[in-house]
Amino acid sequence: MREGTSISRRSFIKLAATAGAAAAIPGCEPAARKLIPYVVPDENVVPGVPSFFATTCNECPAGCGVVARIREGRVVKLEGNPADPIGQGALCARGQAALQGVYNPDRLAHPQVRGGDGAIRTASWDEAEKMFGDRLATAAKAGKDRVAFFGVPNGPTFSKIALAFVAAHNSSRAIFYEAINNEPTRAAAKMLFGRRDLPIYRIDQAEVLISFGADFLETWQSPVELARQYSQFRTPQKRRGTLTIGRSAYVGPRLSMTASKCDEWIATAPGAQADVAWSVLNVLVKQGKVSQNSDFDLAALGKAVENFDPAATSARTGVPVETITRLGETFGKADGALAIAGTDDSSAHLAAMILNSVTGNFGKTIMFFEGAPAEDTSTPDEVDAAVDAMRGGEIDVLVIAGVNPVFTMPASARVAEALQKVPFVVWMGGVPDETAAMASLLIPAHHPLESWRDTAPRAGIRGLGQPVMQPVFDSKPVGDILIAAAAKTSSTKLPWTTAAEAVKAEWLALAPKAEDENPEDFWINVRREGGSFEEQHLAALSLDTSPFKAAVPTAAQMELSVYAYPHIFLYDGRGADKPWLQELPEPVTQLVWDSWAEVHPDTARKLGVSRDDIIEIKTEHGAIEAPVLVESSVRPGVIAVPIGQGHRAYGRYAKDVGANTWTILAAGATFAAATARATGTTRALVTPLGKSDMMGRSIVEAMSIEQLASGVVPKSEAEEVSGPFEMYAPWKYAGHKWGMTIDVNACTGCSACVTACYAENNVPTVGRDGVDRGRIMSWIRIERYFPNEKEAAEAPQLYLAPMLCQQCDHAPCEPVCPVFASYHTEEGLNGQVYNRCVGTRYCENNCPYKVRRFNWFVPEWPAPLNLQLNPDVTVRGAGVMEKCTFCVQRIQFAELNAKTEDRQLRDGEIVTACQQACPTRAITFGDSNDPASAMMRRRDDNKLRNYRALEELNTQPAITYLRDLYREKGKA
Amino acid sequence: MAAAPKTNTEPSYRDIDRSVLRVMEPAGRAYWAWVGFCFTLVGIAAGFWAHQIYSGLGVTGLRQPVMWAIYITNFVFWVGIAHSGTLISAILFLFRTKWRTAVYRAAETMTIFAVATAGLFPLIHLGRVWFFYWLLPYPNERYLQPDFRSPLVWDAFAVSTYLTISALFWTMGLIPDIANAREAATGWRKTFYTVLAMGWQGTDRQWRHYSMAYLLMAGLATPLVLSVHSVVSWDFAMAINPGWHSTIFAPYFVAGAIFSGVAMVITLLIPMRKLLGIEDLLTEWHFDNLAKVVLLTSLVVSYAYITEAFMTWYAGDPIEQTTFHMRYFGPWGWMYWVMVLCNCVIPLLLFSPRIRVNLRALWVITIFVNIGMWFERFVIIAGSLTANFEPSQWASYRPSLTEIMITVGSFAWFLGLFSLFSRFLPIISMTELKEGIVWLRKALKRDRVRAAA
Amino acid sequence: MSTIAIISSFADDAQCAHAIEELRAAKVGDFNTFSPIPSHRIEHAIGLKKSPVRWIVLMGGISGVLTGLAITIGTTYEWRLNAGGKPLLSWPPFIIICFELMVLLGGIFGFLGVLGLSGIPAAEIAPGYDGRFGEDRFGVVVRCDEDEAARVESIMKDSGAEEVMREGV
């Protein structure tokens, strides 16, 4: 029910909360709370029937739209909002895990005050607010700019509130800080086009893509949107008569997940990407592969890039001349090409943008829109200024909300020291983090999903974030606190009394001004839609060609360097308090619950270390220690370390896990010259992964686009299977027979499906030790294999594919179960009856795919994490086997609906959790008895790519995979 | 320890009774200390099991993908031990083997207790042991019954049948002997044996039915014993796992069972013979024959190992080959080679007649055989699981303290029960020994001669 | 006239068997024997027929097989569940169950059969039984009229009885 007005929802939630809480308690525990029936049943709420609310995601600046699934007043799942043009219904792992931010057991439950002795004590709201108010009042009186706000960008309305708040206290210091802020891109855009907003990319419009270190499938700018575009870009299609897929190259020090999905990974030292980028430009210009209508003075351009002759660049970076030339040619020839950069120096970004514009791709594969929203992230200079002000004792009251500068800002910024100089630091947030540890007053703030918000990620797109449930803890929205404080302490009244009011006011102002339009209708509509998404118009670009007349910097050579990349799931570190994200194997390394130092075998030999040896990595800024992971997925001479771990606070799940990589980086940098030495100690890296070599088995299969074009099916090492071998008369499935088609080529390994499964099916996390002891519970996992020597010549750089229960017709797990706990349903599902299972574990022994999971202990969800549990799915107790059943609860739900509405099930009506979450739509679920179903059509349309995992075992899986596609070497 | 010269080489029926009944006289402190020790270990193991039931199987070392390991190994091991008993008591009875009479009671007793021990492990390894009865068909309101296609259900039937039949067979054999004990005993023991003897008098009528039934029981037990270990082997052969899915498993396992079983009989009888002072009933002749069985089955087992390897190579399935390569040369390769040493190489010593009657040597050899056979089961069960179809899921396994203590407890349980039996019930069948007295006398004479030489 | 029991014991079963043959030839009184081991000589001498326990075991076996068929087929059809696409009537496994039950019931019937037929558990010991008969002596107890007693005793003595004694009944 999307139309429920806020009033009715609130009222019902108040009544429902307790009932919901009780309902959420797993059956095995004694009910701790009394069930309270609805005093006044809310007409919008049928117990057992979910309601949905549109809101926005706040886990990164991309600003995807979200639909929250509510059961009995509790949000139990987050899914993408189909109406939102950015996410288009998909949501990444981080976004979905926001749930565990709401229900995090370590969230601050009451205001706290730190006494002079540093001891922390709980305070009442009145006391806290009074203390806050008094301090503000005195600070405001003391002089100008003595009050500062330091928070995470939280949408235009919130920015207004924050600014109004500081203004009300005679100050102008409001800093909106993102650790990962795309500053280099903005700087480059500023230089070339005089605007600081981020361009919009259309990878799907290109046929050649070069990424200079931009991990656009993981954390760069807008991963969900770009992953979707990339999968379209890589979908086979006829171009100039031949079937082909987009050509992509990744230039950077590490074989990231993004790099692994590209045709080639051009390994360079960190910082050398710019050099290569300019060199590619050099090739373009030399070969005159520039569109005539580009406003560039080609002569000047050629002059600017003259030191980037491929030979020269090759000498500096070690990238073969041939490669650079090829990149240049393909990029120039392409009908639609895109170059993007993710480096920390704006040079590469500049080069990329010039590449795009000289080839006339601006407005096609990359564009700016008219009416870009006001930038809501402060520039590094502003941030530094603010920090210096603190250090200089110019600030009396500092309000920190939603940011953790102590953790994310480089040692060189000396934030901690600066904070100590601030007499009164107020921290507002959820789980107390490193910064909170330095605050004098800690105030529990609403989670974004509990408060009114809005976002304006780009022109024409405004997302409306509405609260999806009653607060879990005794907290308040930051906005309300600020407004209230301002109202109390200052003479200048703010125009609103609550943040909710502010948001509504802002949005009513947006309402179309037509006579017949009632603003309230608009208000209802945007809440239903999750925002307003308008047609966007290309901005006319005025190119400033001065920058590239300037000499272009080239990267300094380094003996050994450390390269830091944001962890795909932990991002800048904010994900670390969520067990789902900690336990989700990083797609390339497959490691969990730790930091690691990824080094090339050669480097390892030089350092004299091997896997699990802890090395100390020292830069001019600091040093960290991390266990070594030896893989050739990183360039020699580079130590790749993920960002995001190493918290010393931030809740039980984040505390004391790994090392904080920010501390060894300069401000805004992603790499640094480093020295490394073995500490002589070791710590076992934890992974659910066994071998990385598929040994020629048909688990994840791939074929080259050339083979596909010429209609050749690749010969796999595995035994050839003529067709299904039936020893007995096959079972008849009269009604539906559920099946799945998974496009391995579309799968990027982003693991959104895995998180979706955790959330949907109440899959418990088992912690570092649990994973180490082989008890990880994930029902669906990303298979990750490196091609071995034999395959390397003709294989993708990495085999990545989701592996889940194959729902085999000849399921080996079924006949071995002595009690029919594992059996086959009439709809072709491999059912698992938890209540019947006695726990012989024979089924898992006999499962060739090893997708069954055993409950070794009673699973635990420290309250209130248990409130997230999906009431539609049994919580399994100790001693039973569990597994994927294609979200049978969703199947049942849809079938019941169809029945009550007395109609046939529609194709696509049932969407499994993994399918729903997938940003690239790699997973299609449907009825294999219905040849017209999207699932079956997807198979038929890609006959040559069909394969079934370990088919020679004749298990007759209900899942058909579509082979991954790669480009034969030398043709990239 | 050749037969002491003093032993009477012309024992009469009475002598036999005396020797056997003497064993059943009240036992000394040492004996009770030993029994006490065994059952203390059992108690400890029980504690660990209780803890496992309470907190879940996570307390074991089991993990993805090694869902079965030591518990199932022990199950197969003990079922195997059981088999020799039935072999000797039933199969050799049908063949009218001369030397069986002196050893069969001990062997058969071993069967009962070994099966009783084995039967515990399927329960111990269950995730939800409190629902174990769901494996058996019984009328219930859910109309839900076990799946008779599952090898585990075959197990439930086979093992319980085996336990019942062996127990009945054993009891039958005991009745006449207990009647003897009844006559000899005094005090509470008299009442005890009187009750057990159920008023047996050895009248012509009783003997007539007795002999017939005994024969038929032997006839039933013979195919049963073969079926039981075949069924056990099918737990693995019916699965598709590389290393498990094999047609030779049934004969291979049965041979292995008899191999380990007979070895265990020897391991038990040699010290028992000394401790209970029944050298004049258990002669080297008996051990010589037992040793020959061990040798034979050892050769059969070795042959099975070779066949297994050959078939894997010949069938040419790369996955199967990988798994076997792991078994031979993988991280657990050493276990396999220890097994080969214990099961194939060391028993070859038994080709020498002198070693066959050198009880010390024999004892040591059989210990090795038992170790080897335990490893065989472990390598097959846990080893194969580590190298499965899905390389990304390969993993190793390390047993936890719980598993080790429960394993130790199972040995204590077995030995404790056996020790109790050896002092309270006739450890050697007087009746049958009397029937075959001529052979006993021959054997004793032979021992005497050898001792003299 | 009163019947008496004549108990005689023999050192080995050959003599015992001979005595029995003599008795049967002489057709005097009725008798039963005690022996420490089952002796075929004695059995032949008495000329007993094969024990009917065979049939009991057979009955047991057959009922076992039938039970096996009943539960396997019965339960399968009680709720037709698909496991691994195997047919409902999966004979090979069913045969295993039938076999095990055949052995089980066969054995149990046989055991109970013996007990029943040979009249145990028996509360009291039959007259004339002597502990030695369990140990190493073969005993024959003859019930006859007083006047035949002498003849019986002589038969016994002639067949080599170690001792012969009378007992009033």
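Colleague: Which ring does the charged end of B:Arg327 sit over?
Modeller: That of B:Phe324, 4.5 Å from its centre. For a charge to sit over a ring, NZ of Lys or CZ of Arg has to be within 6 Å of the ring centre and within 35 degrees of the ring normal. B:Arg96 lies over the face of B:Phe93, 4.8 Å from the ring centre. Keep in mind that this is a predicted model, where local features need pLDDT of at least 70, side-chain atom pairs count only at pLDDT 80 or more, and totals for chains, interfaces and linings use all residues. Side-chain values use heavy atoms, with hydrogens and water left out.

Colleague: Switching to ring pairs, how many aromatic pairs are there over all chains?
Modeller: 69, counting rings of Phe, Tyr and Trp (its six-membered ring) with centres within 6.5 Å; planes under 30 degrees apart are stacked, over 60 edge-to-face, the rest tilted. A:Phe193 and A:Phe362 make a tilted one, 4.8 Å centre to centre with 55° between the planes.

Colleague: What does that pair tie together?
Modeller: Parts that are 169 residues apart in sequence, because A:Phe193 is in helix 6 (residues 183-193) of chain A and A:Phe362 is in the loop between helix 13 (346-358) and strand 15 (366-367). Helices (H or I, at least four residues) and strands (E, at least two) are DSSP runs, numbered from the N terminus.

Key
Residues are numbered from 1 along each chain as its sequence is written. Chains are lettered from A and ligands numbered from 1 in the order in which they are written.
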